[in-house]
Amino acid sequence: GDKVSLQDGAVSFSQSDVVLATNSALRVSIGRKSTTQKQWSSPQFPVFGFGWDLDVPYMMGTYDSRDGWNAWNPANPSAGRCTAGTFAPRERVGPWPYYYTQTIYAHMYWNGVNINIPGYGQELALKSNAAQTMPTDGNTYQGTTKSQWRIGCLPTIKNGAGEGFIVKMPDGVTYHFDWMVTRKAVDLTDNNSVDAQGNGLDPWHLLAPLSDVYLYATKAIDRFGNTITYTYDQSSPNRITRIQSSDGAQLDINYNASGLVSTITVGSRTWTYA
């Protein structure tokens, strides 16, 4: 169905393709939604075809490709992407011809970290403060959202370096975001030369090469210990291959030679895409 953002008025569409019930409140499901990012530079990234994003649990932010997702805290420059507690990228000088001359500020390209969880929605990660009550489960929590999703830290991720995240929902379900996928984004460029009408003239200069960096969830666990696991292809990290619950509900996703979803199977049932 369609949704209208109360923040900017944008219309988006989502479709749940396969949903399996389990013996808990957790669901085994896969779907797609209209993209909120430009896909032109990575035509093989959207597994459901151009114009669709995979609708599974993920966190995403746009970062300078030279750094990747490395959050920065001036008070603690060595902190990781989660324990920095800011989520924001460090600010660098631009590439040629701006070496050591022009600072590229985060607000020029970074729009925060979005957390997408089907069934709950999509919200922006916010820095927490001392007045907010955090879970007392032994984890370190650095952030929150408007709906009181609590954002904590994982020391490692499964397919790269650095920290991951956990997000604990108000109903006790915890998601582990530790599968990294990077998609080339539209670079930040600048042109200081204009004609009499104010139109930019060549050459355009590269200020910052940009990438959309995703951390997909590999596990969801509720407060009773029921789990959902998400499995991805090690050689093609953007391809999800299986979603399975601890009580046996399972769907498998297969791909064609172009990297697009070809079939989804559940037992003897098959959904075919063309």
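In what order do the strands of the open sheet of 4 strands stand? The legends below take up this sheet and several other close-up views.

**View 1. The open sheet is built from 4 strands in the order β1-β2-β3-β4, paired in the antiparallel sense.** The model is predicted, so local features are given only at pLDDT of at least 70 and side-chain atom pairs only at pLDDT 80 or more, whereas totals for chains, interfaces and linings use all residues. Residues are numbered from 1 along each chain as its sequence is written, and side-chain values use heavy atoms, with hydrogens and water left out. Strands are DSSP runs of E with at least two residues, and helices are runs of H or I with at least four residues, both numbered from the N terminus; two strands pair if DSSP finds at least two bridges between them. Because β1 (2–4) and β4 (52–54) stand at the edges with a single partner strand each, one side of each is left without a neighbour in the sheet. Neighbouring strands of this sheet are turned by 30° against each other on average, direction ignored, where the axes are lines fitted to C-alpha atoms and angles between N-to-C directions run from 0 to 180 degrees. The antiparallel strands β1 and β2 (residues 11–20) are joined by 3 bridges, and Val4 has Val11 in β2 opposite it.

**View 2. Tyr58 and Tyr216 belong to one aromatic cluster with Trp179, Tyr214 and Tyr232.** The structure holds 12 aromatic pairs, a pair being rings of Phe, Tyr or Trp (its six-membered ring) whose centres lie within 6.5 Å, with planes under 30 degrees apart counted as stacked, over 60 as edge-to-face and the rest as tilted. The rings of Tyr58 and Tyr216 have centres 5.7 Å apart and planes at 70°, so this pair is edge-to-face. Tyr58 lies in strand β5 (residues 58–64) and Tyr216 in strand β17 (residues 210–221), so that the pair links parts of the chain 158 residues apart. Both Tyr58 and Tyr216 are buried, a term for under 20% relative accessible area, with over 50% called exposed and values in between partly exposed (1.4 Å probe, protein chains only).

**View 3. Trp69 and Phe165 form a tilted aromatic pair, 5.6 Å centre to centre and with 35° between the planes.** Trp69 counts as buried at 2% relative accessibility, and Phe165 is buried with a relative accessible area of 0%.

**View 4. Strand β21 (residues 261–266) is mostly covered, with 6 of its 6 residues buried.** Strand β20 (residues 250–255) pairs with β21 in the antiparallel sense over 4 bridges, and Tyr255 has Val261 as its bridge partner in β21. The hairpin of β20 and β21 has 5 residues between the strands, and in this hairpin Gly259 takes a positive phi near 85°. Strand β22 (residues 269–272) is also paired with β21 in the antiparallel sense over 4 bridges, with Thr263 opposite Thr272 in β22. In the hairpin of β21 and β22, which has 2 residues between the strands, Gly267 takes a positive phi near 60°.
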